[in-house]
Each structure stands twice: as structure tokens, then as C-alpha cells.
Amino acid sequence: MRGLSFLLFVLLAPVLLGAAPASADLLITPKRLVLDAQSRDGSFRLVNTSDRAQSYELIWQQLRMNEMGGLDDQGENAAGAASRLLTLAPTRVTLQPGERQTVRLIPRLPEGLPEGEYMSHLLFRPVTPPPPGSATGQGAAMQLAVRVGFSIPVILRHGDLAARAAIRPIGIDAGGVTVEMQREGTASLFGNMSVFWGQPGRDGVQVGRLDSVAIYANLTRRTVTVPFDPASGVTVGAGLLMVRYIDPASNAVLAESTVRLE
């Protein structure tokens, strides 16, 4: 039988700080773009880190976070889409090895637009064919080339928006602590979540951390699990456990909660 060649597209949600590695071939910054009514434009910077030419098409998606932190596709007619308020250029790029490219987004706000936060995700989808190769021999053969797309949130804020958060641990086991997040207000929140443990009257030590934790404006509640990663020799046991949610830009504490472990 003839050899088969497949191209597998994998969609990942961005969870890393700084540059977002869309694949082994493409570096994208920033990992999240937030614009407001005063923003003249916004941009993503792309770098081809591979040793051959790469092409990508840029496609809008309407993804919304659920209470478990996953992203659900709401379809092109989803309410509150930022894509309908932004001009994107270019919509397809081809980069030579080491080449850089800027993708620009320009807000176009119609008269009478209701105040609020609008969001869409921009998918950078690879269209470069897999490296040439063929399968030979008897029987069915398969060549699997994994190509990675990367979907990045784009948020447009219109009006005087604000939000605040509250957090509380709702489950603790040997692997980590599950935290319930609650949000009030009209904007999304982003932060890093750290877990500290210690004895009363003593300085606590960090025993877990999860960066780039978001609760978007479509949610009032979500849960997240912060894995324990204590230093060598530290065992989380009886004592005080504090969870802190911090804005990485200002280092301000957005919310914190402390529980006693028996």
C-alpha cells in the first residue's frame, strides 16, 4: 500500500510568561495583547527560529474560558468579539530562517459602542508543508509530522472598567492545592499564584507557584490547581498555608487567603 503522510495541527492555550513559543519554529511576543480605547494600535512580534522558511495564516477564534480553566469555542457569531472591532495586517506571513515580522492590530470603534471588555483569540496556524519524505516497503506506512498552532488572547477594553478578585483554597492533597477564584467587576484579571507554608510565628517558604493565571470577564468563578514544588528538605504538613494572587506588572497583591493545616 502507498505510504500515508499526515499533518497534525495542535492548538495550545498560552500559559507561559514572556515570549510564547508557538512551536519549535516560531517565537511570538507578547503572550497576551490588551488594548484600550486610547490605544492607537497593538502588535505581535514573530521570529522564525527554524532553519527553513515557514508560513502561517492568522485566523480569529472566539474562545471563552470555562470554570475549570479550559477554552470553549463559541463560534464566529459569539457576543463580545474583539475581532469585529480590530483591523489585522497581515493575515498571512512567510518567514525565512531568522526573519522577523510584526503583525499589527488597529482598533476601529463604532459610535455608540457599549462599554465593556471585548475578547477574541488569534490563531497562528502553520501552512508550511511537512518536510519531504516517503514511506516504502510492504504494508501500510505512516509519516506523522506534528505542526503546532498557537492561539493568543486579544482583549479590547472600552470605557472605565475595573475588577477585583477573591481566592480560597478548597482542596489540598500531596500534589498541590486547588483554589477557587471569584471575580467581580467588568474586566479580566491576570496574575501569578504562589503558595507559602510555615509555622505560626516563623517566616513562610514558597512551596508552589503557577504563573499567568487568568480569570476572564465572562466568568465570575473558576478553579485552578497550584502544584506543590517545595525545596529539598521541606515537607508541607501541619502549619499555615497561604495562597497569594499577584499582578506581575505592578507586584500588587490582587487577593490572598490563609488556612491552617492540622
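1. In this predicted model, Ala166 stands opposite Gln182, a residue of strand E15. The two strands concerned, E14 and E15 (residues 176-185), run antiparallel and are joined by 10 bridges.

2. E14 and E15 belong to an open sheet of three strands, ordered E14-E15-E18, with antiparallel pairing. Strand E14 (163-173) and strand E18 (221-227) are at the edges; each has a single partner strand, so one side of each has no neighbour in the sheet. From one strand to the next the twist averages 25°.

3. Elsewhere, strand E6 (residues 54-61) runs antiparallel to E10, and four bridges join them. Within this pairing, Gln54 is placed opposite Leu95 of E10. Strand E10 (residues 92-95) has two faces: Val93 and Leu95 lie on the covered one, Arg92 and Thr94 on the uncovered one.

4. Searching the whole structure for aromatic pairs gives two. One is formed by Phe44 and Phe124, edge-to-face, at 5.8 Å centre to centre and with 85° between the planes. This pair links distant parts of the chain, since Phe44 lies in strand E5 (residues 42-48) and Phe124 in strand E12 (residues 116-126), 80 residues apart. Phe44 and Phe124 are both buried.

5. Phe190 and Tyr216 also make an edge-to-face aromatic pair, with 5.9 Å centre to centre and 70° between the planes. Phe190 is in strand E16 (residues 189-198), while Tyr216 is in the loop between strand E17 (205-215) and E18; they are 26 residues apart, and the pair links distant parts of the chain. Phe190 and Tyr216 are buried.

Notes
Residues numbered from 1 in each chain as written. Predicted model: local features only at pLDDT ≥ 70, side-chain atom pairs only at ≥ 80, totals over all residues. Heavy atoms only, no water. Buried < 20%, exposed > 50% of the residue type's maximum accessible area, 1.4 Å probe, protein only. Pairing = 2+ DSSP bridges. Axes fitted to C-alpha atoms, helices over the stretch in contact; angles between N-to-C directions. Phe/Tyr/Trp six-rings, centres within 6.5 Å; stacked < 30°, edge-to-face > 60°.
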